[in-house]
Amino acid sequence: MYSYPFSYHRPGSIDEALSLLGDFGDDGKLIAGGQSLLPAMKLRLAAPGHLVDISRIPELSGVRATGGGVEIGALVTHSQIASDPTIAAHAGLLAEIANVVGDLQVRNRGTIGGTLAHSDPAADYPAGVLALDAEIEVRGPNGVRSIPAKDMFVGLFTTALDTNEIVTAIRIAGLSANTGYRYEKLANPASGYALVGVAAVVRLDGSGAIAEARVGITGASDVAYRAEAVESALIGLTPNDASVKAAAASAVDGRDMLTDVHAPAEYRARVTRNLVRRAVLTAVSRARS
Amino acid sequence: MSDQVTVNIEVNGTNRVATVEARTLLVHLLRNEFDLTGTHTGCETGQCGACTVQVNGEAVKSCMVLAAQADGQEVTTIEGVAPAGSLHPVQDSFWTDHGLQCGYCTPGVIMTTLNLLATTPDPTDEEIRHALEGNICRCTGYQGIVTAVKSAARRVAAGDPPVSLR
């Protein structure tokens, strides 16, 4: 299929990109990997008159260690995240997630900045950045600011980004000792999108009880969310199959589950509870080792 | 503003230039402008992988890349994996190990396989299937493909040369 015609621009710097976005207003759209935007344009669901290609702006790429944590440029692809040693050392959960995004070809083009800015309800990373409590750095006409992951995903394909703000980097603090993580996913076999995806980060205290827990859920609802009821239920728990299963029971409380051609709401609810249980149990066993 | 772009792309080792509409996809540039029809269009929605080529050595779905985005890059298509008149060991393995039936998905599968073998020279069955998730085959049920890729991995690791077409 063919998108509607458009003009293509390739700025060499963030400033130039912001200036172009300002010129084009609603008729301009950023493109980097294009693995979500191009399919939408080919189906004519999106029809920007101007594409601003930021995929070669140097300031937006690169992975940097930052005192125990890591800073990931917005343009870093899923393939790069899946194989980068600094990310493996300090944000291994993201590498685990990156490895199951879409398929190899999509991973070679898709970027973390693009995924987070797009906030597809079935995207994988939102669960991960929520569970990691990441900071998302953005730059716009009014300057630079940092958005905590828990404030980023507002609604269906809607984020906390203001008009013409560009995601520039994602910052993740290192994980403490006795912490384990896991991403569990039920994928659509054709597209690779998450019917349900659960990211869990769990820290154990000296006695083996859960001291800290963060659970990010994607795919199940119209936007990724932190399962705060589950997290509260997990704190102080001595984790085993039964206790974690009981804690997972509240995974979808207060949330509307999606119903679509792939799965009805009740199925998503049940899968979510199961994947929360599995993700937490695996995170616990990794924390122990 | 013009809705045209001029792209300079190194395709299979040769510099090619074209001026096309900005909305032109890489797959259509390759097939329509450069007459490289070994790259196929299947679903046009980015799921089947029949359009897979390599950009700078990485497998990508050429129906999900704009020609403009390939400007200044190196693109390899199925026509470029072995010298004319010969088959790359990966291609030959698909023949000897029955990794294809109708052959429509095969160029895309081979381009992805070459990416896999470059990063993972001795892949397990699971690694092969994971790498090929973006290539859909309607004919084979995939087992023949996996066998062919394992065969190919051995031959590439052994440094087998291209096979003359007979």
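Predicted model: local features only at pLDDT ≥ 70, side-chain atom pairs only at ≥ 80, totals over all residues.
Reader: How many residues of chain A are in contact with chain B?

Author: Look at the two sides of the interface in turn. Chain B brings 34 residues to the contact.

Reader: I've clicked on B:L66. Which residues of chain A does B:L66 touch?

Author: B:L66 sits in the loop between β4 and β5 of chain B (helices, H or I with at least four residues, and strands, E with at least two, are DSSP runs numbered from the N terminus). B:L66 has a relative accessible area of 1%, so it counts as buried (buried is under 20% relative accessible area, exposed over 50%, partly exposed in between, with a 1.4 Å probe and protein chains only). Leaving out residues up to four places away in sequence, B:L66 touches B:A22, B:R23, B:T24, B:L25 and B:L26 in chain B. Its partners in chain A are A:F6, A:Y8, A:I31, A:L38 and A:L51.

Reader: Which residue of β5(B) stands opposite B:V55?

Author: B:V55 belongs to β3 (residues 52–55) of chain B, where B:T52 and B:Q54 on one side and B:V53 and B:V55 on the other are all buried. Strands pair if DSSP finds at least two bridges between them, and β3(B) has four bridges to β4 (residues 58–61), running antiparallel. In β4(B), the residue facing B:V55 is B:E58. β3(B) also pairs antiparallel with β5 (residues 74–76) over two bridges, and there B:V55 faces B:V75.

Reader: Over to chain A. Why is strand β12 of chain A largely enclosed, and how many of its residues are buried?

Author: β12(A) spans residues 194–204. Nine bridges join it to β11 (residues 179–187), running antiparallel, and eight bridges pair it in the antiparallel sense with β13 (residues 210–218).

Reader: Which residue in the turn between β12(A) and β13(A) has a positive phi?

Author: There's a hairpin on each side of β12(A). The one with β11(A) has six residues between the strands, and A:G192 in its turn has a positive phi of about 80°. The one with β13(A) has five residues between the strands, and the residue with a positive phi, about 90°, is A:G208.

Reader: A:N164 isn't a glycine, so what is its phi?

Author: Most residues other than glycine have a negative phi. A:N164 lies in the loop between β9 (158–159) and β10 (166–172) of chain A, and its relative accessible area of 19% makes it buried. Its phi is positive, at about 65°.

Reader: Last one: which element gives the largest share of the lining of the second largest pocket?

Author: On a 1 Å grid over the protein atoms alone, a pocket is an open set of points where a 1.4 Å probe fits, with protein on both sides within 12 Å along at least five of seven lines, and lining residues have an atom within 4 Å of a point. This one holds about 520 Å³ of space, and among its 19 lining residues, A:N99, A:L104, A:R107, B:T119 and B:H130 lie nearest its centre. At least two lining residues each come from α3 (78–83) and α6 (104–109) of chain A and from α3 (106–119) and α4 (125–131) of chain B. The largest share, four residues, comes from α4(B).

Notes:
Residues numbered from 1 in each chain as written. Chains lettered and ligands numbered in written order. Heavy atoms only, no water. Points joined across faces, edges and corners; volume = space filled by probe spheres on them. Contact = heavy atoms within 4.5 Å.
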